[in-house]
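Biologist: I'd like to learn how to read a model like this one feature by feature. Can we put it on the screen and walk through it?

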Amino acid sequence: NFSSSQLQGSITTDRLFHPSLFTTGAPTVRQFSTSLLRPSDEKEKDKEKEGIVPRFKRMIKDYWYVTIPVHVATSIVWFGGFYIMAKSGVDLIAIFEAMSVPAKITDKLKGSDAGYYALAYACYKVATPFRYTVTLGGTTYTIN
């Protein structure tokens, strides 16, 4: 059995006379950082900060063959859902007002004779961030 002082002495001796200390050639330079993030973590952190529209554009650029059909399919569902809601009597203008949509938009819809299509289209445009999020999720699910 070794005592702790003998064990400590052998570790120190091994470190002092390690063969790599006596190599010839250029000295080894090691760079250290005080940052807690590795460079790859910084890139991932930047991607997390990226907004929905830049992510959507990047997804179309990289996976256009999946993103476009998913976006078309989800857009049809969104618009159809809003049309059915407007046609069945849901007061979408009151929902807009509760969501703090500007009065400029709601006033145009209140006095409009454009009908259900215009109301469904307005809802479709207001829901754009949600539509893009669903498209990104559907594309990611389809790719994986």
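Biologist: Where is serine 100 found?

Modeller: Serine 100 is in the loop between helix 4 (92-98) and helix 5 (103-110). Helices here are DSSP runs of H or I with at least four residues, strands are runs of E with at least two, and both are numbered from the N terminus. Before we go on: this is a predicted model, where local features need pLDDT of at least 70, side-chain atom pairs count only at pLDDT 80 or more, and totals for chains, interfaces and linings use all residues. Residues are numbered from 1 along each chain as its sequence is written, and side-chain values use heavy atoms, with hydrogens and water left out.

Biologist: What is there to see in the phi of serine 100?

Modeller: The general idea is that most residues other than glycine have a negative phi. Serine 100 has a phi near 65°, a positive value in a residue that isn't glycine.

Biologist: Is serine 100 buried or exposed?

Modeller: Buried means under 20% relative accessible area, exposed means over 50%, and partly exposed is in between, using a 1.4 Å probe and protein chains only. Serine 100 has 61% relative accessibility, so it counts as exposed.

Biologist: Let's zoom out. How many helices and strands does the chain have?

Modeller: The protein chain has seven helices and zero strands, giving the pattern α-α-α-α-α-α-α along the sequence. Of its 144 residues, 20% are buried. Contact means heavy atoms within 4.5 Å; among contacts with a separation of 6 or more, 71% come from residues 24 or more positions apart.

Biologist: Take helix 7 next. Which of its residues are buried?

Modeller: They are Thr128, Arg131, Tyr132, Thr135, Leu136 and Thr139. Look down the axis of helix 7 and these buried residues fall within an arc of 135°, so they line one face of the helix. That arc is taken from the directions from the helix axis to the C-beta atoms. On the other side of helix 7, Phe130 and Tyr141 are exposed. The cover over the buried residues includes helix 3 (52-87) and helix 6 (116-126).

Biologist: How does the end-to-end span of helix 7 compare with what it should be?

Modeller: The expected span of a helix is 1.5 Å times one less than its number of residues. For the 16 residues of helix 7 that comes to 22 Å, and the end C-alpha atoms are 22 Å apart, so the two agree.

Biologist: Now one residue up close. What does the side chain of threonine 139 reach?

Modeller: Threonine 139 sits in helix 7 (residues 128-143), and its side chain reaches the backbone oxygen of threonine 135 at 2.8 Å. Threonine 139 counts as buried because its relative accessibility is 0%. Beyond neighbours within four places in sequence, threonine 139 is in contact with Met59, Val66, Thr67 and Val70.

Biologist: And which residues does threonine 142 contact, leaving aside neighbours within four places in sequence?

Modeller: Threonine 142, also in helix 7, is in contact with Val66 and Val70. Threonine 142 has 48% relative accessibility, so it counts as partly exposed.

Biologist: How many aromatic pairs turn up in the whole structure?

Modeller: A pair of aromatic rings is described by the distance of the centres and the angle of the planes. Rings of Phe, Tyr and Trp (its six-membered ring) pair if their centres lie within 6.5 Å; planes under 30 degrees apart are stacked, over 60 edge-to-face, and the rest tilted. The search finds eight such pairs. One of them is tryptophan 64 with tyrosine 65, edge-to-face at 5.8 Å centre to centre and 85° between the planes. Another edge-to-face pair is phenylalanine 79 with tyrosine 124, at 6.0 Å and 80°. This pair links distant parts of the chain, since phenylalanine 79 is in helix 3 and tyrosine 124 in helix 6, 45 residues apart.

Biologist: What sits over the ring of tyrosine 124?

Modeller: The charged end of arginine 131, 3.8 Å from the ring centre. The rule is that NZ of Lys or CZ of Arg must be within 6 Å of the ring centre and within 35 degrees of the ring normal. Tyrosine 124 has 15% relative accessibility, so it counts as buried.

Biologist: Which helices do the buried residues of helix 6 pack against?

Modeller: Helix 3, helix 4, helix 5 and helix 7. Those buried residues are Leu119, Ala120, Ala122, Cys123 and Tyr124.

Note on methods
Polar contact = N/O pair within 3.5 Å; in protein donor to acceptor, adjacent residues only side chain to side chain.
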